[in-house]
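Hi,

Here is the structure I promised to pass on. Have a look at it first, and then read on for what turned up in it.

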Amino acid sequence: MTGKQRRQFWSAVHTVLILVAIFIMLVPIVWIFLAAFKTHVDVYQLKLFFTPTLENFDIVFDDPYRLGEKLFNSTFVALVTVIIAIPIATLAAYSFSRFSMRGETMMLVIILATQFVPAVVIILPFFVMFRDIGLLDTRTGLILVNLAIVMPFAIWMIKGFIDGIPIDTEEAAMVDGSSRLQVIRNIVLPMAAPGLLTSAIFCFIIAWNEFLFALILTNKEAVTLPIGLALFKGEEGDLWNLLSAAGIIIMAPMFVLALMIRRYFVQGMTMGAVR
Amino acid sequence: MAEIKLKNLTKRWGEFVGVDSQSLHIKDREFLVLLGPSGCGKTTTMRMIAGLEDPTEGEVWIGDRMVNDDLPKDRDVAMVFQNYGLYPHMTIFENIAYPLRARGVAKSEINPRVEKAAEQVELTQFLDRKPKALSGGQRQRVALARAIVRTPKVFLMDEPLSNLDAKLRVTMRAELKHLSRELQVTTVYVTHDQIEAMTLADRVAVMKHGVIQQLGTPDEIYNDPANLFVAGFIGSPAMNLINGSVEAGEFVTTGGTRLVKLNTADRDKAILGVRADDMNVHEAGQGDIDVKIYAFENTGESTLLTVQWGRQRVIARGDRHLRKEQDDVVGISLNADHLYLFDPETEDRIRI
């Protein structure tokens with residue numbers, strides 16, 4: 001093979017490998033996407049061509065499934081979680097990034113280590129606690145749990161972004177007449193904005209997809225979308241067409257957010273590099 | 001406008017001493033340069049004046065106020081940073097206006113003052129751009145404009161020219177000097193570049209290991225160095241330092257060459273300092289001593305002759321029209337009026 005042929009060969013191999021990877025990742029999603037528009041009859045057949053229907057989306061929002069309530073719960077819980085988590089995490093991350101404290105590294109490790117504890121291990125204590133203080137099956141309870149889950153990630157992520165802001169810039173602002181809080185508001189927040197947005201979306205996705213805690217800690221009022229999926233296990237078996245329609249409702253915002261996060265993620269990563 | 005007084009200022013990080021109990025009186029309207037190699041404590045000293053670093057001990061006075069407990073914003077200083085410290089998300093106008101806005105200056109007053117500052121550093125046409133659309137020199141000008149937009153008591157400049165390329169550095173240096181004479185504000189300027197120190201300063205404080213080695217006018221530190229460190233640090237090429245001894249009123253190199261008569265007591269070990277400019281180059285046999293050329297360099301404005309002197313090499317500056325080859329032999333004589341003698345143990349100057 002000549003050099004040119006060799007290059008063409010390897011470039012073809014790359015393309016094939018990428019296509020295989022994409023295929024493996026997309027198959028379930030494509031299947032769900034198709035099933036969501038199929039009738040109950042069609043769903044068990046691997047037909048690529050069929051008469052699409054929007055019926056499934058109507059059904060899932062109607063009695064008895066009432067997916068709208070779950071959609072509201074999910075949105076509310078995820079949004080409030082992010083709204084509370086990001087400001088607190090930003091201040092914590094700023095402190096970790098800019099001040100040296102005794103046991104700083106230790107604290108950072110502990111914060112991250114909380115995420116190494118398997119959720120199943122702590123779910124029972126949570127259940128008992130929430131039952132005693134009346135937070136079972138409430139959105140407030142879920143928000144608290146989600147905060148505990150997303151905060152460590154948010155702190156670590158935002159700390160990374162703040163580390164990337166040159167300290168000179170902040171010191172210049174302090175000499176120029178700003179207090180520490182003004183520096184954070186006028187300099188750090190605008191400069192870390194892509195990072196904050198990335199972290200916010202990241203937290204939103206985690207809270208949105210959270211399953212285990214919502215499963216154990218809710219049963220009726222505060223049920224979220226992922227738990228709502230279980231509703232479609234009927235007497236006649238799994239209602240795959242309805243499950244798929246609900247699945248798309250869960251995934252759709254994630255697609256949009258993933259697209260947004262991608263743009264800002266690149267921006268966030270290169271931010272520290274261009275002084 | 002104000003004088004700055006540092007009283008026994010000390011900065012320690014654990015065992016490491018950054019600045020070791022230094023006192024310094026910077027006069028009103030003076031341009032003082034802190035000069036030294038990296039890690040000598042010059043930047044730390046400046047940062048303590050700015051309030052970005054807390055002194056371990058000692059006092060910082062700006063004007064008639066002890067500012068140790070004041071936040072940077074309350075010290076009424078303006079600072080130019082090595083990496084410019086610009087606000088990348090703001091336009092040049094907003095960058096320059098920031099010190100005014102942060103201090104609550106009336107809006108109607110901000111515009112004319114920003115425009116005046118921009119004019120002084122020739123940035124008027126770039127006011128609506130963002131910093132990343134400017135070149136290094138222009139960014140440095142923005143940093144300067146941001147400093148001069150107010151009239152602070154003190155200017156602090158932390159190696160402001162060191163990120164610029166060599167040519168731009170020379171231009172900016174002149175602009176800086178012009179501006180500083182025009183504004184007449186007390187200025188502390190940190191640099192490791194002796195040319196900047198020589199050209200800009202009213203007085204230079206040469207620092208090493210957190211201690212001021214010598215405080216004096218550029219003239220004094222160049223022509224009357226207090227010790228071996230200052231002598232070796234100031235000047236390019238560096239001062240020739242020749243090891244030897246003083247015997248019977250003459251300096252004798254370790255190689256045994258009797259060099260010059262010195263009016264001083266005998267001592268076993270001494271170092272003779274002589275600048276390249278104070279070594280006169282002659283034809284072989286016509287100087288005090290004949291030496292072989294190790295390397296001949298023509299810089300255009302002069303020639304530099306590195307010559308082998310026993311076991312040491314020294315550099316002499318020759319006429320710009322002088323032409324010699326490697327291994328040629330030339331005569332060297334020393335300009336007896338500008339010789340310096342140092343004690344190798346204490347590194348102190350021995351007055352002769």
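I'll begin with a helix pair in chain B: the axes of H2(B) and helix H3 (residues 107-120) of chain B come within 10 Å and cross at roughly 125 degrees. Axes here are lines fitted to C-alpha atoms, for helices over the stretch in contact, and angles run from 0 to 180 degrees between N-to-C directions. That angle makes H2(B) oblique to H3(B); angles under 35 degrees count as roughly parallel, over 145 as roughly antiparallel, 65 to 115 as roughly perpendicular and the rest as oblique. On the H2(B) side the contact is made by Phe93(B), Ile96(B), Ala97(B), Leu100(B) and Arg101(B), and on the H3(B) side by Ile110(B), Arg113(B), Val114(B), Ala117(B) and Ala118(B). Contact means that the C-beta atoms of two residues, placed from the backbone, lie within 7 Å. Sorted by class, this contact has 8 nonpolar, no polar and 2 charged residues. For the classes, Ala, Val, Leu, Ile, Met, Phe, Trp, Tyr, Cys and Pro count as nonpolar, Asp, Glu, Lys and Arg as charged, and the others, Gly among them, as polar.

Before going further, please keep in mind that this is a predicted model: local features need pLDDT of at least 70, side-chain atom pairs count only at pLDDT 80 or more, and totals for chains, interfaces and linings use all residues. Residues are numbered from 1 along each chain as its sequence is written, while chains are lettered from A and ligands numbered from 1 in the order in which they are written.

Now the rest of chain B. Its secondary structure comes to 8 helices and 21 strands, where helices (H or I, at least four residues) and strands (E, at least two) are DSSP runs, numbered from the N terminus. The C-alpha atoms of chain B fill a box of roughly 75 × 45 × 35 Å along the principal axes. Of the 352 residues in chain B, 40% are buried. A residue is buried if 20 or more other C-beta atoms lie within 10 Å of its own, exposed if 12 or fewer, and partly exposed in between, with C-beta atoms placed from the backbone.

Some backbone details in chain B may interest you. The peptide bond from Ser236(B) to Pro237(B) is cis, with omega near 0 degrees, and Pro237(B) lies in the loop between helix H8 (228-233) and strand S11 (240-247). Asn8(B), in strand S1 (residues 4-13), has a positive phi near 45 degrees although it is not a glycine. With 12 C-beta neighbours inside 10 Å, Asn8(B) counts as exposed. Glu347(B) also has a positive phi, near 65 degrees, and sits in the loop between strand S20 (339-342) and strand S21 (349-350). Glu347(B) counts as partly exposed, with 16 C-beta neighbours inside 10 Å.

Where do the two chains meet? In chain B, 20 residues are in contact with 17 residues of chain A. Strand S6 (77-80) and helix H2 (92-102) of chain B are the elements that give two or more residues to that side. The side of chain B that touches chain A has 13 nonpolar, 3 polar and 4 charged residues.

Buried residues make up 32% of the 275 residues in chain A.

One helix pair stands for chain A here. Helix H6 (residues 139-163) and helix H8 (residues 180-209) of chain A pack at about 150 degrees with their axes 9 Å apart, which means that H6(A) is roughly antiparallel to H8(A). H6(A) passes H8(A) in a right-handed crossing. Residues in the contact include Phe153(A) and Met157(A) of H6(A) and Leu196(A) and Phe202(A) of H8(A). That contact has 15 nonpolar, 3 polar and no charged residues.

Finally, a cis peptide bond joins Asp63(A) and Pro64(A), with omega about 0 degrees. Pro64(A) is in the loop between helix H2 (55-61) and helix H3 (67-98) of chain A.

Best wishes

Technical notes. A crossing is left-handed if the near helix is turned anticlockwise from the far one by less than a right angle, and right-handed if clockwise.
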